Amino acid sequence: MFNNTQVQTLNPPQRLLMGPGPINADPRVLRAMSAQLIGQYDPVMTGFMNETMARYREIFKTKNEWTMLIDGTSRAGIEAVLCSILRPGDKVLVPIMGRFGHLLAEIAERVGAKVHTIEVPWGEVFTPEQIEKAIVDVKPHVLAMVQGDTSTTMNQPLEHIGDICQKHDVLFYCDATASIVGNELPADEWKLDALSVGLQKCLGGPSGSAPLTLSDKCADWIQKRKKVEAGIRTAEHTDGTEPFVRSNYFDLGMIMNYWGEERLNHHTEATSMLYCASECARIVIEEGVDNCVARHKLHGDAMLTGIQALGLNVFGDLTHKMNNVLGVYIPEGINADHVRGQMLTDFGIEIGTSFGPLHGKIWRIGTMGYNARKDAVLQTLASLDACLHANGYKGPKGEAAIAALAHYK
Ligand SMILES: Cc1ncc(COP(=O)(O)O)c(C=O)c1O
């Protein structure tokens with residue numbers, strides 16, 4: 001017998017997600033996700049896979065052949081790259097400027113690499129000189145960095161890092177989950193060897209697929225660690241000369257054979273997520289990658305203008321702020337949980353809390369993907385204004401949305 005709870009239809013409330021991600025998915029992405037499944041080796045499906053590879057080459061501004069999806073959330077992409085390029089005992093340098101640098105270090109440590117870190121205080125970024133000095137000191141096999149760290153809202157400049165890595169023969173990996181298409185990142189021009197992202201921020205999709213790209217140099221290195229599992233292995237498959245990758249699921253060597261001409265039967269593709277990832281890319285390409293970055297800057301700046309007009313202080317080095325997230329100091333004497341709670345229950349708008357040293361000190365407000373829009377910015381500002389004043393705030397009243405409107409003019 002079913003009880004009432006078991007037979008109820010899933011019916012989530014209407015929310016406007018204005019935190020650091022996830023955000024509301026673009027309705028076109030949701031429609032693509034609901035398309036019917038087809039067989040994994042149906043030529044239509046392999047055609048979709050090739051099309052998805054081509055679309056993400058445009059998103060990443062790369063010619064890399066090996067541009068594909070990892071089935072899983074963004075950290076699946078991070079783990080696939082790090083476990084495929086780092087042998088146990090290899091040295092990796094991880095510059096940490098927030099929570100997600102710690103995540104890269106943690107994943108690299110679990111892979112068995114020797115992890116070296118350098119840190120700047122949360123709210124700052126590294127200079128190329130700091131990175132080069134650490135590379136000279138550590139002599140790592142890999143440099144692993146985050147571009148946009150949502151925990152601090154900072155966007156690490158990367159344009160000179162690839163040259164430094166090439167000069168010292170270091171593989172350059174970047175996690176751009178939170179920054180891709182909201183901030184500039186031309187993978188080839190900036191000489192990245194590996195780049196992985198997620199859908200749930202500026203790409204306007206749900207989490208669950210991690211697009212990534214590998215330079216030829218990086219792909220060649222991974223091929224040296226090749227091992228094809230028994231059961232699908234044929235006489236043509238030979239092992240690489242380097243120790244094999246310790247994960248089966250995340251072995252990029254086998255995943256390349258799956259996405260490439262061989263179509264090796266590795267995992268069963270998460271077809272609905274592929275539809276979704278492909279549609280996210282199509283929508284951005286239709287808009288233009290550079291236009292998409294410019295839209296994130298426009299709405300991010302409008303949010304900043306409104307927040308400042310509300311008399312609130314913003315967190316971190318503004319010259320290096322990501323276009324798509326803003327850290328806002330919680331005003332003294334204000335119950336932060338009441339304000340956030342009221343925004344959610346009375347206005348249906350979600351803004352974010354924060355982690356680590358910033359916990360309880362700042363809110364994080366996102367303007368990204370489908371929600372990098374004028375109406376979403378104005379609604380968020382007007383409701384934050386109302387909720388702050390309903391909770392005893394004494395700063396300027398009624399000016400936030402007006403200031404943002406003026407910014408748009
Ligand atoms: C920069 C960065 N890296 C990695 C992640 C982890 O992503 P996921 O939760 O999709 O695994 C996030 C999530 O917010 C992120 O912002």
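Me: Which residues does the UniProt annotation "domain: Aminotransferase class V" cover?
Reply: Residues 46-222, according to an unreviewed UniProt entry. Such annotations may be inferred rather than shown by experiment. This is a predicted model, where local features need pLDDT of at least 70, side-chain atom pairs count only at pLDDT 80 or more, and totals for chains, interfaces and linings use all residues. Residues are numbered from 1 along each chain as its sequence is written.

Me: How much of residues 46-222 is helix and strand?
Reply: The span is 37% helix and 23% strand. Helices are DSSP runs of H or I with at least four residues, and strands are E runs of at least two, numbered from the N terminus.

Me: Now the ligand. How many residues surround it?
Reply: 13 residues, the closest being Thr 73, Ser 74, Arg 75, Thr 177 and Ala 178. A residue counts if its C-beta atom, placed from the backbone, lies within 6 Å.

Me: What classes are in that shell?
Reply: 3 nonpolar, 7 polar and 3 charged residues. Ala, Val, Leu, Ile, Met, Phe, Trp, Tyr, Cys and Pro count as nonpolar, Asp, Glu, Lys and Arg as charged, and the others, Gly among them, as polar.

Me: On to helices. At what angle do H4 and H5 cross?
Reply: Roughly 45°, with the axes of H4 (residues 74-85) and H5 (residues 99-111) coming within 10 Å. Axes are lines fitted to C-alpha atoms over the stretch in contact, and angles run from 0 to 180 degrees between N-to-C directions.

Me: Which residues of H4 meet H5?
Reply: Arg 75, Ile 78, Glu 79, Leu 82 and Cys 83. Contact means C-beta atoms, placed from the backbone, within 7 Å.

Terms used: Contact = placed C-beta atoms within 7 Å.
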